Amino acid sequence: MSKIFAITLQSGRKYVSQYVRRSEGVTALAFLAPSFAGILIFFLIPFADTVRRSFYDVRGVNFIGLQSYTSVINNAAFRLAATNTLRFVAICIPLLLLISLGIALLIRCIRPHNALFKTTFLLPMAVPVASIVLLWQVVFNDNGLANSVLEFFNLNAVNFMGSGAAFWVLVFTYLWKNTGYNMILWLAGLDSISDTLYEAAHVDGANKWQSFRYVTLPCLLPTIGIVSILSLLNSFKVFREAYLVAGAYPHDSMYLLQHLFNNWFVQMDVSRLSAAATMLAVVLLVIILLIRGFLDEKD
Amino acid sequence: MKRINNSKFRKNSRFLAFIPLVALALLVWWVLWFMGMGSLMSLEELNATIGAALANDGSDERAFFPFIPAWPGLQPLVRLLLDTPHFFVMFWNTFRLVIPSVLGQLVLGAPAAWALSRFRFRGRKILITVYIALMLMPFQVTMVPNFLVIDRLGLMDNRLAVILPFAFSAFPVFIMLKGFDAVPRALLEAASIDGANAVRTFVHVGLPLGVPSILAALVLGFLEVWGAIEQPMTFLGDPSAWPLSLFLPQIVAEELGLAMVASLFMLLPAVLFFLFGQKYLELGIQAAGIKE
């Protein structure tokens, strides 16, 4: 009975919605126009132009085919930057996911007195990079505080900014800044898991680890996808730290794609820049679609 | 009996959870402590303690940081406030980028978000996908497209070159869209005014119900533009128009006392805004995390 009712309702809605669609379309257009005009003018149309330019010479006149692409891919600086960026992402994102999930779980343990810690871990995302440049230098300089601490424990001083350690300093900064953001996403994911699942697990005699492994983790799968996507995109912002502290040409270990884009921009190398931007956009879109596709399959 | 054991266990595990949390929280608290105490130190003390880290004179002297200043002094603060007019210019420059950008995000974004959330029309899903895809692109992808337009419009080195791309960014639209989606339809219908047109419904019903997500967009937008580095660096060639975020690294190299106080001034508005809007900020972050 209720099924029939639902069907009638649905087909009725279809008629209404067809009528509504037409009149709502016009209103929607009026509401959307200012925003979407800007999206078209500042992003979509010039992005199409960027893709076009990646096949043309620097002045955008002569067609040169894939020349810019091959020149980008064969470029030593690009290879260094792409490798570093990949390495950075491959190391940071799993670490960040684990640490922020750990913190989210700990914070749930101490409910309801966790407001202070939530604020604490979220705060770094509000800290403007420029305001901690000084602190960074004071900590990681050759004679800085980090080395003072190492010396106190009778360990060898490390040349943080002028060696491979620079890469790890950047990793640490990224983790420091983004843990809180992900913690909030994890907490939302954890909150959405129904208590009855845990109760059922408890009744079945599951211990704490088992209920985490068989209830919490599977329920967090959708969250893992979105957390990784957002972490990936936030990872591009570490350029700020790297650039403000070490300039346009930092130690090789932390020369990232972002540095390369910036330097090519300064040199006004529009063709190669366009080719690189197009490739980056395609790679990111593919990664995002893969993650989402993987998750939809799991659902 | 078992229950008592259980609650004891719970208490213990709670206590154990505090230890790593406090240890990790120290990494954040220490930074704030450093910024606050550093600003209260006299220039002499700054030079004597952390000066070694910035000297680069090849000496072996290591920097250290006292827990509280031994000789507190306000000269760096006073000097910044009285003797460095260019600091105020930069501070003002930052606001001249932040306020129009964030206002633009709200004024342009809220109606668009409302339309995408409440109206059903052909192409709606595609539009939402476009907004999401744009929201997920880092600056390195949009840098060239933005530059091409800005150059064509003759806006290079103009503040609008930074403001306009921010004002049209897709992220706030997405957050507000999620916010409007969360308002139950029944509530909307109950609140809707008989015979009111679409604009009035939006202003009198939509906007008030969407306040949390609008504030979320406001807070996230403020923090984004306040700390922005890539955009002004790329599109503002003239240092006299630079915001504080570009100016600070320069004075770090020049003057320790000033840099310390100026850093605090860069930090404070962001932290205050964060504390004021933390609830909404969390909402905004969660909005991006919900699968549609």
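Predicted model: local features only at pLDDT ≥ 70, side-chain atom pairs only at ≥ 80, totals over all residues.
Residues are numbered from 1 along each chain as its sequence is written, chains are lettered from A and ligands numbered from 1 in the order in which they are written, and side-chain values use heavy atoms, with hydrogens and water left out.

**Chain B**

I took the box of the C-alpha atoms along the principal axes, and it is roughly 80 × 75 × 35 Å. Of the 292 residues, 54% count as buried, where buried means under 20% relative accessible area, exposed over 50% and partly exposed in between (1.4 Å probe, protein chains only). Among the contacts of chain B with a separation of 6 or more, 77% join residues 24 or more positions apart, a contact being heavy atoms within 4.5 Å.

I then looked at helix 9 (residues 170–182) of chain B, whose 13 residues reach 19 Å from first C-alpha to last, close to the 18 Å expected at 1.5 Å a residue; the expected span is 1.5 Å times one less than the number of residues. Helix 9 of chain B is mostly covered, with 10 of its 13 residues buried, including B:F174, B:M176 and B:K178.

**Chain A**

I counted 12 helices and 0 strands in chain A. Its radius of gyration is 25 Å, whereas a compact globule of 299 residues would have one near 19 Å, and its C-alpha trace spans about 80 × 65 × 30 Å along the principal axes. In chain A, 49% of the 299 residues count as buried, and residues 24 or more positions apart account for 69% of the contacts with a separation of 6 or more.

**Backbone and loop entries**

I kept in mind that most residues other than glycine have a negative phi, and most peptide bonds are trans. The peptide bond from A:R111 to A:P112 is cis, with omega near 0°, and A:P112 sits in the loop between helix 3 (76–109) and helix 4 (115–122) of chain A.

A:N154, not a glycine, has a positive phi of about 60°; this residue belongs to the loop between helix 6 (145–152) and helix 7 (165–191) of chain A and is exposed, with a relative accessible area of 72%. A:M268 likewise is not a glycine and has a positive phi of about 55°, but this residue is partly exposed at 34% and lies in the loop between helix 11 and helix 12 (270–298) of chain A.

Lastly I looked up A:D252, in the loop between helix 10 (239–246) and helix 11 (257–266) of chain A, which touches A:L80 and A:N84 when residues up to four places away in sequence are not counted.

Technical notes. Helix = DSSP H or I, 4+ residues; strand = E, 2+ residues; numbered from the N terminus. Rg over C-alpha atoms; globule rule 2.2 N^0.38 Å.
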